[in-house]
Amino acid sequence: MDRDALSARLKKIKMFVLDMDGTIYLGNSIFPFTLRFLEQVKHVGKEFCFFTNNSSKNREAYLQKLERMGISIPPEKMMISNGVILEWLLRNHPGERCYVVGTPLLEQDFLNAGIELDDVAPDYVVLGFDTTLTYEKLSKACAFIRAGKPVFGVNPDFNCPVENGFIPDCGSIAALVKASTGVQCEFFGKPSPHTLSYLLEHTGCRPEELAVIGDRLYTDIAVADGTEVTSILVMSGETTTDLLESSEVKPDLVVHDLEELTKLL
């Protein structure tokens, strides 16, 4: 994209939807350029919000984490894959009970939404990014799935970037479950169309007014693929130059990090 086309596209954008892990921070360490970028977005009269696929935490935990990093936002500006799947389940499986393979924070989101948790005779199974995973949880989930219970995945990420590399994410847990049961779950985080609809509804933006920023081709960038939503890849997280070159999914814009994007704004 040439400079004039890029400038015209950026002018249309009203809302930047930022990924978190690998985009604004790694683990508990905020990137030194993140706050400058957020200030620049406000300076040029645009808005930002956050959306993370990381289903090991909930909105409250992320709001607290951002606050510790010097980022104070209203709750509605913090969106998470948990919210996408919960809205869908409440519409499509009302009154049904769920077995959740997830952290206590993910389980609490289900309880807060009014979904009953059941580890004996659930109506369906949900797989999350479970940093408290045990063999017992896996065994139960696989037994329910083999018995014919539907299974859904909160987010498809294989790995979560941290300060010293990567740790297995929900996609890896789902791959293990599929290897055991032969059943592939449906995912609801990025790049699912469920997430794109969620973002458009909750931001009130038209597709051409929205830009998604992230470090993963198969989630952050793919969610906008084939739409008028602008996708911006940052090379500060999971994606390498080799991965970018070999990927069928291509971003509209590639920057080294948010510092480079700050200058473009």
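1. Two strands are said to pair if DSSP finds at least two bridges between them. In this predicted model, strand 6 and strand 7 (residues 124–127) meet that condition, since four bridges join them. The two strands run parallel. Within this pair, Tyr-99 stands opposite Val-125 of strand 7.

2. The pair belongs to an open sheet of four strands, whose order is 6-7-8-11 and whose pairing is parallel. Strand 6 (98–101) and strand 11 (186–187) form the edges, and each of them pairs on one side only.

3. The crossing of helix 6 past helix 7 is right-handed.

4. Which residues make the contact between these helices? Helix 6 contributes Leu-138, Cys-142, Ile-145 and Arg-146, while helix 7 contributes Ile-173, Leu-176, Val-177, Ser-180 and Thr-181. Sorted by class, the contact has six nonpolar, two polar and one charged residues.

5. A further open sheet has six strands in the order 5-4-1-12-13-14, again with parallel pairing. Its edge strands are strand 5 (78–80) and strand 14 (253–255), each of which pairs on one side only. On average, neighbouring strands of this sheet are turned by 25° against each other, direction ignored.

6. At one end of that order, three bridges join strand 13 (residues 230–234) to strand 14, and these strands run parallel. Here Ile-232 stands opposite Leu-253 of strand 14.

7. Helix 2 (residues 34–43) lies across strand 1 (15–18), strand 4 (47–52) and strand 12 (210–214), and runs at about 135° to strand 4. Helix 3 (residues 59–68) lies across strand 4 and strand 5, running at about 135° to strand 5.

8. Considered as a whole, the chain has 11 helices and 14 strands. Its radius of gyration is 18 Å, close to the 18 Å that the globule rule gives for 265 residues, so the chain is as compact as a globular protein of that length. The C-alpha trace spans about 60 × 40 × 35 Å along its principal axes.

Note on methods:
Residues are numbered from 1 along each chain as its sequence is written. This is a predicted model: local features need pLDDT of at least 70, side-chain atom pairs count only at pLDDT 80 or more; totals for chains, interfaces and linings use all residues. Side-chain values use heavy atoms; hydrogens and water are left out. A crossing is left-handed if the near helix is turned anticlockwise from the far one by less than a right angle, and right-handed if clockwise. Contact means heavy atoms within 4.5 Å. Ala, Val, Leu, Ile, Met, Phe, Trp, Tyr, Cys and Pro count as nonpolar, Asp, Glu, Lys and Arg as charged, and the others, Gly among them, as polar. The radius of gyration is taken over C-alpha atoms; the globule rule is 2.2 Å times the number of residues to the power 0.38. Axes are lines fitted to C-alpha atoms, for helices over the stretch in contact, and angles run from 0 to 180 degrees between N-to-C directions.
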